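Subject: Handover of a structure for your study

Dear colleague,

Please find below the structure that I am passing on to you.

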Amino acid sequence: MNSKAAYRMLIYTLIPLLTSCANRNYENSGAVWGTSYRIVYTADRELGDSIVSVMSDVENELSMFKTSSTVSRINHGEDIEVGTMFAEVFGLSQEISRMSGGAFDPTVGPLTELWGFGTKHTDSLALPSDSIIEVTLPLVGIRDCSIENNHVIKKHPQTTFDFSSIAKGYGVDAIAGMLERNGCNNYLVEIGGEVRTAGVNRNGKSWHIQIDAPDSGVSGHNRLRVISLNNSSVASSGNYRNYRDTATGRIGHTIDPSTGRPIATTTAATTVIAPDCATADALATACMVMDVDSALAMIERIEATEALIAVINGGEIELHTTSGFPQ
C-alpha cells in the first residue's frame, strides 16, 4: 500500500465545501500509506479521530509495508486468523480475478518484486532472467487459494499477497461507511486519487472529478476530462507515473499474471466508475492488463459500472469508453 499514488493515475478533485442547515462542514486531510488524502463531509461533529482509526485498521490488516500487518505475517508463513477486512478484500479479489480471466491477481507480488516494483523497489537496469520468471509463475493464482475457518490456504507455501491494487479503494470505502454510520449524507473521500462520493456539493449539485491525462508526467496534472459523480466511486490506473528504465528500455509497473512480465500494450491509462471504490480500483488494474475490446466488454457486463481507456496511437491519445461513461 506504499506510494500507490505512484502506481495509479491520480484523479484530482474539484472540491467545493459542503453546506447544511443542521450540520457543520468539515475537511480532514493529510498523508497516509505513502500518499495524501482529503475528506470533505457534513456532520454534527468532527470525525477526524474516527477517520484516522479506520485508516489504521486497514493498514493493520492489508499493508505489505507494515511487518506486523495480517498480510505481511501471512506472506512470511505465519498461520494466523484473518480479520473481516482481509477476508472481504480476499473475496472481492477472487471475484474480480474470475471476471477478468485472471488479469487481476493480487498474488502477482513475487513477480512484482522480480521486476523491481515491490517492497524492494530498485532503479537497477538489470532484468530478471527467463528461468527465474518461469520458476516464480507457479506461485501466482489467487483462485487457487482459499480461506477456511478464518485461515488462509495458499496455492503454494511461497505464494504471497499484494493487495496494493485494491486496498486503497477498500480504505476509501471503509471511511465512507464510517461516515454514513455517523449520519453523513454528503461527502467526498479521496485517497491518492481514488474517490467515493455521496450526496451533493454546497451548490446542491453533483461532485465533479478531474481525470488526469496520461501525458501528465510524474507530478503534472493535465486535464483529460471532468466528470460528474453521483453516489459512486472512481479509480484509475496507469503506467505513466510508475516505471523503470532498464537496459532494454522503459517498463511499466503493471505485471501480466499470465506471462510474469510487464504488459506490452498501447493502453496508457484506465478509469473505472463503480458503486464502490474497491471494485473500481481492482477493475482499473484488470483493464490495464487486458486488451481494450476485452476490457470494455467485461465492464459492459457489470451493472452500474463504466470505464474509459486511454490508448496511445501514433503519439496521439485515443479515448475508448463504455456506453454509459459520462460525457
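In what follows, an axis is a line fitted to C-alpha atoms, for helices over the stretch in contact, and angles run from 0 to 180 degrees between N-to-C directions. Helices (H or I, at least four residues) and strands (E, at least two) are DSSP runs, numbered from the N terminus. The model is predicted: local features need pLDDT of at least 70 and side-chain atom pairs count only at pLDDT 80 or more, while totals for chains, interfaces and linings use all residues. Residues are numbered from 1 along each chain as its sequence is written, and side-chain values use heavy atoms, with hydrogens and water left out.

**The protein as a whole**

The secondary structure amounts to 9 helices and 17 strands. The protein has 327 residues, and 57% of them count as buried; buried means under 20% relative accessible area, exposed over 50%, and partly exposed in between (1.4 Å probe, protein chains only). A contact means heavy atoms within 4.5 Å. Among contacts between residues at least 6 apart in sequence, 63% join residues at least 24 apart.

**Two helices that cross**

Two packed helices are described by the angle between their axes and the distance between the axes. For helix α2 (residues 48-62) and helix α7 (residues 164-181), the axes come within 10 Å and cross at roughly 145°. On the side of α2, the contact is made by Ser50, Ile51, Val54, Met55, Val58 and Leu62. On the side of α7, Ala167, Tyr170, Gly171, Ala174, Ile175 and Met178 take part. By class, this contact has 10 nonpolar, 2 polar and no charged residues. Here Ala, Val, Leu, Ile, Met, Phe, Trp, Tyr, Cys and Pro count as nonpolar, Asp, Glu, Lys and Arg as charged, and the others, Gly among them, as polar.

**The sheet**

Strands of a sheet pair through backbone hydrogen bonds, either parallel or antiparallel. Two strands are said to pair if DSSP finds at least two bridges between them. An open sheet of 8 strands is present, in the order β2-β3-β6-β7-β10-β15-β16-β17, and its pairing is antiparallel. Because β2 and β17 (316-321) stand at the edges with a single partner strand each, one side of each is left without a neighbour in the sheet. Neighbouring strands are turned by 15° against each other on average, direction ignored.

Strand β2 (residues 24-32) is joined to strand β3 (residues 35-43) by 9 bridges, and Gly30 has Tyr37 of β3 as its bridge partner. These two strands form a hairpin with 2 residues between them, and Trp33 in the turn has a positive phi of about 55°. From β3, 5 bridges lead on to strand β6 (residues 187-191), where Tyr187 stands opposite Tyr41.

Both helices described above also meet the sheet. Helix α2 packs on it, touching β2, β3 and β6, and α7 lies across β3, β6, β7 (194-198) and β10 (233-238). The direction of α2 makes about 135° with that of β3, while α7 runs at about 155° to β6.

**Strand β7**

Is β7 buried or exposed? Of its 5 residues, 5 are buried, so β7 is largely enclosed by the rest of the structure. Glu194, Arg196 and Ala198 are buried on one side, and Val195 and Thr197 are buried on the other. Strand β7 pairs with β6 over 5 bridges, and Val189 has Arg196 as its bridge partner. With β10, β7 pairs over 2 bridges, and Val195 stands opposite Val234.

**Residues in loops**

Asn149, in the loop between β4 (146-148) and β5 (151-153), has a positive phi of about 55° although it is not a glycine. Asn149 is exposed, with a relative accessible area of 73%. Ala304 lies in the loop between α9 (292-300) and β16 (306-313); its phi is near 60°, and at 53% relative accessibility it counts as exposed. Asp144 is found in the loop between α6 (130-136) and β4 and is exposed at 52%. Leaving out residues up to four places away in sequence, Asp144 touches Lys154 and Lys155.

Yours sincerely,
A colleague
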